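Good morning. Please look at the structure on the screen while I go through a few of its features.

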Amino acid sequence: MARTTVPIPTRVLVLGMAHDDGTIRAEEVYPVAEACGQTAEQVRSCLRRLVTEGLFTRQGNGRAALYVATEA
């Protein structure tokens, strides 16, 4: 498999982890982000922005949180 030096934006990574039903499971995102060289703080910040923007709601806390897509 070829390696790339092109960074993946955190938002693209997080939204790319969404399931068909529009949910994002934080516990799944963190290890993938880490493998891509991103920090937990980058992921937390991105998820927080998605909620603030009204695109997702959060159920639960921390790495156990479930983010559910809104109508927006």
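Start with Thr-57, which stands opposite Val-68 in strand 3. Before going further: this is a predicted model, where local features need pLDDT of at least 70 and side-chain atom pairs count only at pLDDT 80 or more, while totals for chains, interfaces and linings use all residues. Residues are numbered from 1 along each chain as its sequence is written, and side-chain values use heavy atoms, leaving out hydrogens and water.

Strand 2, residues 56-59, pairs with strand 3, residues 66-69, in the antiparallel sense, and there are four bridges. Two strands pair if DSSP finds at least two bridges between them. Helices (H or I, at least four residues) and strands (E, at least two) are DSSP runs, numbered from the N terminus. The hairpin of these two strands has six residues between them, and Gly-60 takes a positive phi near 95° there.

Next, the cysteines. Cys-36 is partly exposed, at 37% relative accessible area, whereas Cys-46 is buried, at 0%. Buried means under 20% relative accessible area, exposed over 50%, and partly exposed in between (1.4 Å probe, protein chains only).

Last, Thr-10, in helix 1, residues 10-16. Thr-10 is buried, at 13% relative accessibility.
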